[in-house]
Amino acid sequence: MGMKGLKLISNKKFVYTDKIAFPMKLVNKDWARVKVKAAGLCGSDVQKIFSEKSLDKYGLNTDILGHEISGVVDLVSPLNKNINKGDRVTIKPLIYCEKCEYCKKGKYQFCFNLKTIGKFYPGGFQEYILAPIKNIFKISTKISFEEACLIDIVAVATHSFNMASEPKNKNIAIFGDGPLSIVLAQILKFKKNNIFVFGKNSFRLKIVKEFVDYIFNVNEVDFNEFANFFDLVFEVRGGNQSETIINSIKITKPLGKILVLGVFDLDFYGKFIFRNLFYKEISLTGINSYGYYKNEDEFKMAINLVEKKIINLKKIITHKFKFEEVNKVIQLLKKKEKKFVKIIFVP
């Protein structure tokens, strides 16, 4: 049976088709079928679509991207007691074994057998998706499907906050003005921290300004003026540059901490002066997805933040497209249109 969706045919060829092969019957009672209502276009998806590198380098096992997903349960085994047909849900994309060393520690993002929806299994850029029941979380009507598909972003921001030891009343810098930066800023501000955001996109900076204390265009800042000022710095830009790490080291206090969330390009080798980092005994910490924190799943924590309206996701959803409008999306990205934050596909 064929259905509608988006296929990544090759580098720079991301196309709409109504002939995606799909097993409409469940082959496993522990999985369910979900009718997709919304799917977010992540920066990592964009990297793959426009990559100059071989797609094999990304470890792709599927040509259907999309790991930010919400929808309605369409088919589920009658033996299951956790979800029912018609339930409004969001899907956690990380599928882990629960048996390895890291899973037992609650760090399932490092599972030896980790398989990800949108990378190993077909993702959310299609009309229907199959997912393990343990990865399907019910949501209330307080959350729209468009908001619910972005729970993955909130979970990463939640994990970042927890990895920073739940800071309160701290001076904190964020490099980056994308969706993750805006969500992270809201969590940090809710905990009464003083937030400074350094970005390049004036449209996005105006949005983040609603949630933070100060915004700056990085091209207009002398970072020497902020030397040794911040307790914590979150690098959320990534890409193919070293400036954000260099400036993070400069503005972080002795004994401070830099947390790197930004997705840097494959095989990118950055440069910074090691002495400047170690002289101040700064901790440089990587952030990878999310897991459990104090015995609670950070994905569930993220749902709770959105349910309680602590996080405003509507502000970052600037564009919605149907699958068949994919060429409009490609042109928007190629032109590097400045007036957008988050693109959502709404089948």
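I note here that the model I am reading is a predicted one.

Entry on the overall fold. Along its principal axes, the C-alpha trace spans about 60 × 45 × 35 Å. I then took the burial of the chain as a whole and found that 55% of its 347 residues count as buried.

Entry on salt bridges. My search of the whole structure gave 15 salt bridges, and I looked up some of them individually.

I returned to E210, whose salt bridge partner is K315, with the closest N and O atoms 3.3 Å apart. This pair links distant parts of the chain, since E210 sits in the loop between α6 (202-208) and β12 (214-217) while K315 sits in the loop between α9 (298-307) and β18 (317-321), 105 residues apart. K315 is partly exposed, with a relative accessible area of 34%.

I next looked up K7 and D63, whose side chains meet in a salt bridge at 3.8 Å, N to O. K7 belongs to strand β1 (residues 2-10) and D63 to the loop between α1 (43-50) and β4 (68-76), so this pair ties together parts that are 56 residues apart in sequence. For K7 I noted a relative accessible area of 23%, which makes it partly exposed, and for D63 a value of 30%, which is again partly exposed.

I also looked up E325, which forms a salt bridge with K328, the closest N and O atoms being 3.2 Å apart. E325 is partly exposed, its relative accessible area being 24%, whereas K328, at 52% relative accessibility, counts as exposed.

Entry on surface charge. I asked myself which residues gather in a patch of positive charge on the surface. I found K200, R237, K336 and K338 there.

Entry on backbone angles. I looked for residues with a positive phi that are not glycine, and wrote down E281, where phi is about 55°. E281 lies in the loop between α8 (274-279) and β15 (283-286), and at 54% relative accessibility it counts as exposed. I wrote down N295 as well, which has a positive phi of about 70° although it is not a glycine. The place of N295 is the loop between β16 (292-293) and β17 (296-297), and with 77% relative accessibility N295 counts as exposed.

Terms used:
Residues are numbered from 1 along each chain as its sequence is written. This is a predicted model: local features need pLDDT of at least 70, side-chain atom pairs count only at pLDDT 80 or more; totals for chains, interfaces and linings use all residues. Side-chain values use heavy atoms; hydrogens and water are left out. Patches are made of residues with over 30% relative accessible area and no salt bridge: like charges are joined within 9 Å, nonpolar side chains (Val, Leu, Ile, Met, Phe, Trp, Tyr) within 5 Å. Accessible areas come from the Shrake-Rupley method with a 1.4 Å probe; for residues, only the protein chains shown count as cover. A salt bridge is a side-chain nitrogen of Lys or Arg within 4 Å of a carboxyl oxygen of Asp or Glu. Lys and Arg count as positive and Asp and Glu as negative; His and the chain ends are not counted. The place of a charge is taken as NZ of Lys, CZ of Arg, CG of Asp or CD of Glu. Helices (H or I, at least four residues) and strands (E, at least two) are DSSP runs, numbered from the N terminus. Buried means under 20% relative accessible area, exposed over 50%, partly exposed in between (1.4 Å probe, protein chains only).
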